[in-house]
Amino acid sequence: METDFDGFVAARSAALFRGALILTGSRDAAEDLVQETLERACRKWRTISGKDAPDAYVRRIMVNLANDRWRRFRRTVSQADTPDRAAPGDQYGQVDSRDQLVRALQQLPMRMRTVVVLRYFHELSDGEIAADLEISASTVRSQLARGIEKLRSEFPALSDPSPRQHAEGIR
């Protein structure tokens with residue numbers, strides 16, 4: 001079992017970190033979230049590894065932990081110091097755009113943010129997201145539509161037809 005968990009960590013920790021970074025908005029908090037997620041998963045690995053989708057189970061642990069943290073440490077992110085959108089070829093501007101996107105995501109309610117992150121950063125279907133979050137697929141679709149609309153209003157660069165293009169820039 002130990003090597004199975006080690007293999008899981010080696011294969012999935014980068015993806016878990018990316019998701020945690022978007023959920024928390026902070027590198028340090030993301031590292032802590034991934035560490036706590038993997039710690040809990042390790043304790044239950046025998047049960048988790050027997051499941052059909054251990055990834056989904058571990059993502060669910062991470063989302064629950066992020067929700068708990070969000071409830072405990074509600075904080076507002078100031079939009080006043082958000083830089084203007086930069087030219088497409090400007091690498092520093094791309095970093096600024098990523099920062100703007102993360103800040104805009106942080107303004108979304110936790111469930112909405114989680115749905116957006118699972119769709120565009122983990123590339124899950126409505127059904128997979130619904131199963132992970134234990135909500136209906138129609139709730140996933142409505143949360144996703146509302147989340148994308150809020151992001152478009154706060155971050156005009158997302159007004160393109162394909163938000164995935166912008167989401168991939170964070171990876």
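Predicted model: local features only at pLDDT ≥ 70, side-chain atom pairs only at ≥ 80, totals over all residues.
Helices in this talk are DSSP runs of at least four residues, numbered from the N terminus.

First, the overall picture. The protein chain has nine helices and zero strands. Read from the N terminus, the order is therefore simply α-α-α-α-α-α-α-α-α. The chain has 171 residues, and 42% of them count as buried. Its accessible surface comes to about 9,600 Å², with 47% of that belonging to carbon and sulfur atoms. Among contacts with a separation of 6 or more, 65% are between residues 24 or more positions apart.

How many residues does the largest nonpolar core have? It has 42, and the residues with the most contacts inside it are L16, L105, V116, I129, L133 and L151. Two or more residues each come from α1 (2-24), α2 (27-43), α3 (45-49), α4 (54-72), α5 (91-107), α6 (110-120), α7 and α8 (137-154).

Now to helix α7, which covers residues 126-133. Which of its residues are buried? They are D126, I129, A130, D132 and L133. These five span an arc of only 165° around the axis, which means they are on the same side of α7.

L133, one of the core residues with the most contacts, touches R60, V63, T114, V115 and L118, leaving aside neighbours within four places in sequence. D132 has a relative accessibility of 6%, and buried means under 20%, so D132 counts as buried.

Is E134 buried or exposed? Its relative accessibility is 64%, and the cut-off for exposed is over 50%, so E134 counts as exposed.

E123 is another case of this kind. Its phi is likewise positive, near 55°, and E123 is not a glycine. E123 belongs to the loop between α6 and α7. At 42% relative accessibility, E123 counts as partly exposed.

Last, the aromatic rings. A search of the whole structure turns up two aromatic pairs. In one, the ring centres of F5 and W45 are 5.2 Å apart and the planes are at 70°, so the pair is edge-to-face. This pair links distant parts of the chain, with F5 in helix α1 and W45 in helix α3, 40 residues apart. The other pair, F8 with W45, is tilted, at 5.1 Å centre to centre and 45° between the planes. Here too distant parts are linked: F8 is in helix α1 and W45 in helix α3, 37 residues apart. F5 and W45 are buried, and F8 is buried as well. Through these ring pairs, F5, F8 and W45 are linked into a cluster.

Terms used: Residues numbered from 1 in each chain as written. Heavy atoms only, no water. Buried < 20%, exposed > 50% of the residue type's maximum accessible area, 1.4 Å probe, protein only. Contact = heavy atoms within 4.5 Å. Areas by Shrake-Rupley, 256 points an atom, 1.4 Å probe, with all protein chains shown as cover. Core = buried A, V, L, I, M, F, W, Y, C linked by side-chain atoms within 4.5 Å. Arc of directions from axis to C-beta. Phe/Tyr/Trp six-rings, centres within 6.5 Å; stacked < 30°, edge-to-face > 60°.
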